[in-house]
Amino acid sequence: MNLGVFTWLFLLLLCLLTPATSRREKRNVLFIIADDLRASLGCYDDALAKSPNIDQLASRSQVFLNAYAQQAVCAPSRTSMLTSRRPDTTRLYDFNSYWRVHSGSYTTLPQHFKSKGYYTMSVGKVFHPGIASNHTDDYPYSWSVPAYHPSSFRFEKQKMCKGDDGQLHANLLCAVNVTEQPGETLPDLESTDEAVRLLKSRVGDGAFFLAVGFHKPHIPFRIPQEYLSLYPLDKMTLAPDPDVPELLPPVAYNPWTDVRKREDVQKLNVSFPYGPIPKDFQLRIRQHYYAAVSYMDAQVGRLLSTLDALGLADSTMVVFTSDHGWSLGEHGEWAKYSNFDVATRVPLIMFVPGVTAAYSRAEGPTFPFIDVFSQPEYSFTNAKVIRNTVELVDVFPTVSYMAGLPAPEHCPDVSLQVELCTEGRNLVHTFQHKERGKNAELMAFSQYPRPADTPQNNSDLPDLQDIKVMGYSLRNWDYRYTLWLGFNPRSFQVNVSDVHGGELYMLADDPGQDKNIYSDFDHSIVMKKMDALPHNASVWTRMRLQLYYHTAGLKRNAGTV
């Protein structure tokens, strides 16, 4: 056999033995992001949630059970995820700056796809609109055409909610008869219609990246009223931990001012900042939130069934996630604006045809639409779940690689001048290898700013110049560790020796994060150990080592019992 034939046969054999994930098939991407959606889905073991279409997607996908946002508020989280840079790099902690001007001209996820020849489109709330995305949703950098926003969204903050007095109000609870709304529609209905139209327009017209941002379950809960029937009030329960934890540092508490501003909440005369909402109203908030989730799920179902009907399911990667969570009365808190799991943990689901599920060519539809009113529950069955912690900054490199593009390299320690790199991890190995158990070395990092040590009117969303304290939080399999540190908004520098408060929760015994054991430790010893670190060691490096020191003692004590 001559050398040429031998080489040809060797290459052929190598190709046949190469796994699908290594062949790097070029796939379309349907990127779906919900707004303020915590992990309240059936596929995330929430027995109350009725989310059959997302559960069906999850059954054919890889599901990351412990994914965390980098800051629990819209603009900073979305900018962080879409650039794969942490808020301390984008320097966006509020809604009032555009990262390309304020920090660096970082390449975004859709921009990366666009640079590789993809036709990129945005529908609804993908980037946070306004200053944070240059009033253009980062067009033309990220998108091939200007972003689409539903015209009915302009009514979201107006008096559209019919009260008991028959008048219209700007309420928190706002279930409506859609036929009585302007244009007989709602924002997410419009966005789904537009996304369906765009999908149809792309059949046979080259690779595409379509991002669809749904507005719900963000407040106000202006949703079709029929979805409330899925959650009868007599079946609703309060949060399992509705009280403010005794040892919670005041700086950690978010006083949910955006909720307080709604007319129906103002009528309750709830005291600021800790006064509890009456229990009957708490139940109604929880009812409306879950109803909003089911309404959003139906739109996801419409979108996926269209993808299927157009024959695109076998060539399109689908990503479903959220920008952050939302507290539903846990710790006496509502809304986002904190570092607790309920505010930072998000669903993260990735469908990769031929990898997470077989191609559908001979098996019928992949994503048939499920009507939640006739089939409210879908049995989620999937062995492809990842339990170790991941972050939203991991989305950019992972989606790029799994769609067939090169993933960005990891950022250097100082990356303000580097346009394309990632501060996250490429999770491709999780698709290739079965998870072997818990890995306490894997951590998620979140942060939240505060203007003062005690709750005040702007505690939930302080402007950059008003930030005095930054709460940095680590989350791994076993612990959540948070330090509230002095922060200079002019230099963007954190003072690691200026500690305003601390939190440490042992998740095995305290999954709800209600028993803060931070004060059980002598922190002076650990701080002295930190003095040996280089002065430029990051706050995350310092906190990681501190957590190791603290928990090593806990493990030794546990071993002697």
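1. Two strands are said to pair if DSSP finds at least two bridges between them. In this predicted model, strand S17 (residues 479–488) and strand S18 (residues 493–506) pair in the antiparallel sense, and 10 bridges connect them. Together S17 and S18 form a hairpin with four residues between them. Asn488 has Gln493 of S18 as its bridge partner.

2. The turn of this hairpin deserves attention at Phe492, whose phi is positive, at about 60°. Phe492 is not a glycine, and its place is the loop between S17 and S18. Most residues other than glycine have a negative phi. The relative accessible area of Phe492 is 16%; because buried means under 20%, Phe492 counts as buried.

3. A hairpin of three residues links S16 to S17. Within this pair, Met470 has Leu485 of S17 as its bridge partner. S16 also pairs with strand S15 (residues 444–450), again in the antiparallel sense and over seven bridges. There the bridge partner of Ser446 is Ser473 of S16.

4. Strand S16 (residues 469–475) is mostly covered, with seven of its seven residues buried. In a regular strand the side chains alternate between the two faces of the sheet. In S16, Val469, Gly471, Ser473 and Arg475 point one way, while Met470, Tyr472 and Leu474 point the other way; all are buried. A reader inspecting this strand may note that Arg475 and Ser473 are among the buried residues.

5. The largest nonpolar core has 86 residues, of which Leu210, Ile285, Phe320 and Trp326 touch the most other members. Helix H11 (residues 279–309) gives the most to this core, contributing 14 residues. Another core lies apart from it and has 38 residues, including Ile33, Ala69, Phe113 and Phe396.

6. Which residues does Ile285 contact, leaving aside its neighbours within four places in sequence? The contacts of Ile285 are Leu172, Leu173, Phe221, Ile277, Trp326, Leu328 and Trp334. One of these, Trp326, is also among the core residues that touch the most other members.

7. One joins Ile219 and Pro220, with omega at about -5°; Pro220 is found in the loop between strand S7 (208–213) and strand S8 (221–224). Another runs from Phe272 to Pro273, with omega near 5°. Pro273 is found in the loop between helix H10 (263–266) and H11. Most peptide bonds are trans.

8. Asp138 has a phi near 65°, a positive value in a residue other than glycine. This residue lies in the loop between strand S3 (119–124) and strand S4 (161–162). Is Asp138 buried or exposed? Its relative accessibility is 0%, so Asp138 counts as buried.

9. Gln546 is placed in helix H16 (residues 539–560). With a relative accessible area of 6%, Gln546 is buried. Leaving aside neighbours within four places in sequence, its contacts are Tyr481, Leu483, Val526, Met527 and Met530. Gln546 and Tyr119 are 427 residues apart along the chain, and their C-alpha atoms are separated by 46 Å.

Definitions and conventions:
Residues are numbered from 1 along each chain as its sequence is written. This is a predicted model: local features need pLDDT of at least 70, side-chain atom pairs count only at pLDDT 80 or more; totals for chains, interfaces and linings use all residues. Side-chain values use heavy atoms; hydrogens and water are left out. A nonpolar core is a set of buried Ala, Val, Leu, Ile, Met, Phe, Trp, Tyr and Cys residues joined through side-chain atoms within 4.5 Å. Buried means under 20% relative accessible area, exposed over 50%, partly exposed in between (1.4 Å probe, protein chains only). Helices (H or I, at least four residues) and strands (E, at least two) are DSSP runs, numbered from the N terminus. Contact means heavy atoms within 4.5 Å.
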